[in-house]
Amino acid sequence: MSPSHGYLLFAMVENSGMQQKDYGDYLDLDASTVNRLIDALVRKNLVAKNGMGRSSEVYVTDEGRLEYRRIKKTMDTLRQKMIDSLGEERFDQLVGDLCAVRGTLKN
């Protein structure tokens, strides 16, 4: 699974019941990109759609929730390794700096 698919899956698990167009706003992606990502997740049986088009609601399937937990465990392990390597203060600073850069690029 690509990072983009994973981010969308995470957003869907953590914000269930949103309309498809809302995920684009949440992830700062255009509607066509979100649509392609969701269609790929539907084909993998990780999410299901209710309705048609950009206003359709999308839901995570049981299989999608299992995949979410597997990926989250891997991410948590990686996060802990980075904290162990950098120290918590440096890690938090790095995350803050990356968020600031993202905000600057977004404008």
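Trainee: Does T61 count as buried or exposed?
Mentor: This is a predicted model, in which local features need pLDDT of at least 70 and side-chain atom pairs count only at pLDDT 80 or more, while totals for chains, interfaces and linings use all residues. Residues are numbered from 1 along each chain as its sequence is written, and side-chain values use heavy atoms, with hydrogens and water left out. T61 lies in the loop between β2 and α4, where helices (H or I, at least four residues) and strands (E, at least two) are DSSP runs numbered from the N terminus. Relative accessible area is judged with a 1.4 Å probe on protein chains only, with under 20% taken as buried, over 50% as exposed and the range in between as partly exposed, and T61, at 15% relative accessibility, therefore counts as buried.

Trainee: Which residues does T61 touch, not counting residues up to four places away in sequence?
Mentor: A contact here requires heavy atoms within 4.5 Å. With residues up to four places away in sequence not counted, the residues that T61 touches are N45, L46, V47 and A48.

Trainee: What pattern does the protein follow when it is read along the sequence?
Mentor: The protein has 5 helices and 2 strands, and its C-alpha atoms fill a box of roughly 45 × 35 × 20 Å along the principal axes. Read along the sequence, these elements follow the pattern α-α-α-β-β-α-α.

Trainee: At roughly what angle do the axes of α1 and α3 cross?
Mentor: The residues that meet are S4, H5, L8, L9 and M12 in α1 and V34, L37, I38, A40 and L41 in α3. Axes are lines fitted to C-alpha atoms, for helices over the stretch in contact, and angles run from 0 to 180 degrees between N-to-C directions. The axes of α1 and α3 come within 10 Å, and their crossing angle is roughly 85°.

Trainee: How is α1 placed relative to α3, and which class of angle applies?
Mentor: Angles under 35 degrees count as roughly parallel, over 145 as roughly antiparallel, 65 to 115 as roughly perpendicular and the rest as oblique. The crossing of α1 and α3 at roughly 85° therefore makes α1, relative to α3, roughly perpendicular.

Trainee: How many charged residues does the contact of α4 with α5 have?
Mentor: The axes of α4 and helix α5 (residues 88-106) come within 6 Å and cross at roughly 115°, with R79, M82, I83 and L86 of α4 and E88, R90, F91 and L94 of α5 making the contact. Ala, Val, Leu, Ile, Met, Phe, Trp, Tyr, Cys and Pro count as nonpolar, Asp, Glu, Lys and Arg as charged, and the others, Gly among them, as polar. By these classes the contact of α4 with α5 has 5 nonpolar residues and no polar ones, and the number of charged residues is 3.

Trainee: How many residues apart in sequence are the parts that K49 and D39 tie together?
Mentor: A salt bridge is a side-chain nitrogen of Lys or Arg within 4 Å of a carboxyl oxygen of Asp or Glu, and the side chains of K49 and D39 meet in one at 3.2 Å, N to O. Because K49 lies in strand β1 (residues 47-50) and D39 in helix α3, the pair ties together parts whose separation in sequence, in residues, is 10.

Trainee: What is the relative accessible area of E67?
Mentor: The side chains of E67 and R70 meet in a salt bridge at 2.6 Å, N to O. Both residues, E67 and R70, lie in helix α4, 3 residues apart, about one turn of the helix. E67 is buried, and its relative accessible area is 18%.

Trainee: How far apart in space are Q19 and S56, C-alpha to C-alpha?
Mentor: Q19 is found in the loop between α1 and α2 and is partly exposed, with a relative accessible area of 25%. Although Q19 and S56 are 37 residues apart in sequence, their distance in space, C-alpha to C-alpha, is 5.6 Å.
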